[in-house]
Structures are given as structure tokens and as C-alpha cells.
Amino acid sequence: MKRGMCPGTFDPVTSGHIDIIERAAALLDELVVAVALSPDKGGGPLFSIDERCDFIETATEHLRNVWVRPFDTLLVEFASEVGASVIIKGLRAVTDFEREFQMAQLNYRISPDIETMFIMAIPEYMYLSSSAVKEIARHGGPVEGLVPQQVYDALAERLVESRQGRT
Ligand code: PNS
């Protein structure tokens, strides 16, 4: 029984994340999508931890071996807690490499029994990120296909609310 973990902030989850989750789930018996609270990232997440988990749960409903859990500890501690022996991360352009390599090294130093593995993003999602999606959406640009439908609707709603808050 091989259980893996796909961690991230997922603010919000993108189609690129879902592609990595689907491909990781196909390689493992079980996959835990670990959603980090990340209160300090980029001035604080746009979506609450419950919203971020809910978006992923809905978008992965078709994957029977995937479950979604929030966490606010060291990643490797959470992996041990849920019995995951491998951390799976998506790797996009070369610019991801240094940060991911650093995190993998640090995680290995803390818990050498937990392996980190990478799945390459497909070309379509190579430059897709949660922050780019938020920026495009904030300026009223097109994000269809870049995020699951529920996220698309929530982004539109949240940005209308923030515009109303400013007027
Ligand atoms: O989506 P992100 O921001 O690339 O995800 C980063 C995340 C949440 C995986 C990373 O920040 C993390 O593992 N946070 C938990 C705290 C931790 O274990 N830090 C040490 C790893 S360097």
C-alpha cells in the first residue's frame, strides 16, 4: 500500500495542479492533497483554508483514491502523521527548480525516510500559477480553462466583492 502526499498552498487550485494530482493518483494507491494554511504567503491567501480544500475536493470528486486535508505543521511531520512515504510535487519551468530543490533537501534532512518526487507539468500548464490566475482575474482577463469551474465562479464573485469594497 503506497500512500503519497501532494502539498501546496493552492490559493486557488489551478488546472495545472489538478493535472499533477490526477497523474500522481494514478501512480499510487492513495494520495493525500495537503493544503497548507500559509497565512503569511503573499500578504495572506485570497481564499480561506476551508474554501481551498473545498475547491480541491470538488475538482477531484472523480478520483476515488484522493483525499484532501488542511495542515499547519512541518510538511514531513504531516506526511508521517498520515502515513505518506512520498511527497509528490509538480515542476514547471526551470524557475521552480531552485525553490523545489531547496525544499526537497530540507525535507530530506529532517526526514530522510520520506522521498520527494517530481512530475513535470505538461506544456499547456508550464507557466500557469495561482498568482498569475489571480492577477489575470483581478484585471478582468480570461481565466477559463486555467482553473476548475467552481474556482472560476468564486474568483469572479470574490473580485466583485473586493471592487465593491473599494468604492
Ligand atoms: O504551493 P506552495 O506555496 O509552493 O507550497 C509550499 C509548501 C506549502 C509545500 C511549503 O511551504 C511547505 O511545505 N510548508 C510547510 C512548512 C514546512 O514544512 N516547511 C519546510 C519545507 S522548506
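Reader: Is Ser38 buried or exposed?

Author: Ser38 is buried, with a relative accessible area of 17%; buried means under 20%, exposed over 50% and partly exposed in between, with a 1.4 Å probe and protein chains only. This is a predicted model, in which local features need pLDDT of at least 70, side-chain atom pairs count only at pLDDT 80 or more, and totals for chains, interfaces and linings use all residues. Residues are numbered from 1 along each chain as its sequence is written, and side-chain values use heavy atoms, with hydrogens and water left out.

Reader: Where is Ser38 placed, and what is its phi?

Author: Ser38 belongs to the loop between β2 (30-36) and α2 (49-59); helices (H or I, at least four residues) and strands (E, at least two) are DSSP runs numbered from the N terminus. Its phi is positive, about 40 degrees, although Ser38 is not a glycine.

Reader: What is the phi of Phe10?

Author: Phe10, also not a glycine, has a positive phi near 50 degrees. The residue is in the loop between β1 and α1, and it counts as buried because its relative accessibility is 5%.

Reader: Which peptide bond is cis, with omega near 0 degrees?

Author: The bond from Asp11 to Pro12 is cis. Pro12 lies in the loop between β1 and α1 (15-27).

Reader: Turning to the ligand, which residues come nearest?

Author: Thr9, Lys41, Leu74, Leu75 and Arg99 come nearest, out of 14 residues around the ligand; a residue is near if one of its heavy atoms lies within 4 Å.

Reader: What lies 2.6 Å from an oxygen atom of the ligand?

Author: That is a polar side-chain atom of Lys41. For Arg99, a polar side-chain atom is 3.0 Å from a ligand oxygen, and for Thr9 a polar backbone atom is 2.9 Å from one. Alone, the ligand exposes 540 Å², of which the protein buries 76%.

Reader: Which elements give two or more residues to the shell around the ligand?

Author: They are β1 (3-8) and α4 (94-110). The most comes from α4, with 4 residues.

Reader: What does the side chain of Ser129 reach?

Author: It reaches the backbone nitrogen of Ala132 at 3.0 Å. Ser129 is in the loop between β5 (115-120) and α5 (130-138), and it counts as buried because its relative accessibility is 17%.

Reader: And Ala84, is it buried or exposed?

Author: Ala84 is buried, with a relative accessible area of 5%. It is found in the loop between α3 (75-82) and β4 (86-91). Its C-alpha atom is 17 Å from that of Glu22, and the two residues are 62 residues apart along the chain.

Conventions: Polar contact = N/O pair within 3.5 Å; in protein donor to acceptor, adjacent residues only side chain to side chain. Areas by Shrake-Rupley, 256 points an atom, 1.4 Å probe, with all protein chains shown as cover.
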